[in-house]
Amino acid sequence: MVQIKLESQILGANDLIARRNSAHFQENQILAINLMSSPGSGKTTLLERTIDALADSLKMAVIEGDLYTDQDAQRIEKKGVKVVQINTDGTCHLDAGMVERAFKEIAYDGLQLLFVENVGNLVCPAEFNLGEDLRVVLATTTEGNDKITKYPLIFREAQAVVLNKIDLLPYTDFSLEQFQEDVQRINPQARIFMISGRTGQGIDEWTQWLLEEVRYKISTG
Amino acid sequence: MHELSLMTSVLETVRQGALDNDIKQVKKVKLVIGKLSQALPDSLQFAFGVLSQDEMFRGAVLEIEEKDIICLCPDCQNQFAVQDDYSFICPNCQGLKVEIISGRELYIDYFEGDLTDGTD
């Protein structure tokens, strides 16, 4: 019997492509955001609102990740923004290779802000680095308070946590206090935004932050 | 849910390692998985069972070592284990910028095998 020491990262192949993506975004001064949440949290609605608010200020594009259909991509396309749909055909997350291929299709000179809308899932996407600059997780008042402690990795690794469906708060048992306490314990440095994709509440603060992050990226590029 | 794709990649890497080292029969694969990782040991075992059906992996076992979540506070140099409440705030100085030094592992440590078919 022989033992062969490998010490090989299981996600090594993914991380290699992610580093390539990251270098590419850096070279072209593109801020790339990996947007993650459970299904039905309002990722696409948030993107629609964001595009409306920033269309005059920034050049944006979207990579849409879904298991099946291009329904989300169609919604984004209506906003006049370049969009590429990735269908994972059952795979529960996007990986760096899928993003690399989709990004080649975008081929957009002057692009400043790239959103990657991940597959709706709080588990697997957290594990796969795409080469993004920032990770944003969407949570909702209707999902309940427990999601943050049940899926700690995705909340730990996010630079911003967006709480959506704030307009529905009076109709739920959701505790804002508990939410803030949980996020601050798991990820004390995360920015927290409270928004309603339906009414537009809180969108200004969120888009202001995006503008600042894009400017920061350009100034350090 | 992504354990099947992780295990596919593990077995590809081990298979290549076995070919490179003239190993005909893999007996054991050892993984190290941090507790903050989203890969569940039970699901990895299941995936290993499903995917290791061919000649090279027949009868092989998968061993998984789990690593606790350990953080280092750069402000006061305190090292602490993160408990079930997932508090990443330094219990010594309440520092907020702690670094995770263990708990994110997801790697193949080693594998064992025989150079010939079943005979050492």
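User: In this predicted model, what percentage of the residues of chain B count as buried?

Analyst: A residue is buried if 20 or more other C-beta atoms lie within 10 Å of its own. Chain B has 120 residues, and the share of them that count as buried is 32%.

User: What share of chain A is made up of buried residues?

Analyst: The cut-off is again 20 or more other C-beta atoms within 10 Å. Chain A has 221 residues, and its buried residues make up 47%.

User: Why does the radius of gyration of chain A agree with that of a compact globule?

Analyst: The C-alpha trace of chain A spans about 65 × 45 × 35 Å along its principal axes. For 221 residues, a compact globule would have a radius near 17 Å, so there is agreement with the value for chain A, 18 Å.

User: In what order do the elements of chain B run from the N terminus?

Analyst: Chain B contains 2 helices and 6 strands. From the N terminus on, these elements run α-β-α-β-β-β-β-β.

User: Among contacts in chain A between residues at least 6 apart in sequence, what percentage join residues at least 24 apart?

Analyst: Chain A has 8 helices and 8 strands. Contacts here are pairs with C-beta atoms within 7 Å. Of those in chain A between residues at least 6 apart in sequence, the share joining residues at least 24 apart is 75%.

How values were computed:
Residues numbered from 1 in each chain as written. Chains lettered and ligands numbered in written order. Predicted model: local features only at pLDDT ≥ 70, side-chain atom pairs only at ≥ 80, totals over all residues. Helix = DSSP H or I, 4+ residues; strand = E, 2+ residues; numbered from the N terminus. Rg over C-alpha atoms; globule rule 2.2 N^0.38 Å. Buried ≥ 20, exposed ≤ 12 C-beta atoms within 10 Å, placed from the backbone. Contact = placed C-beta atoms within 7 Å.
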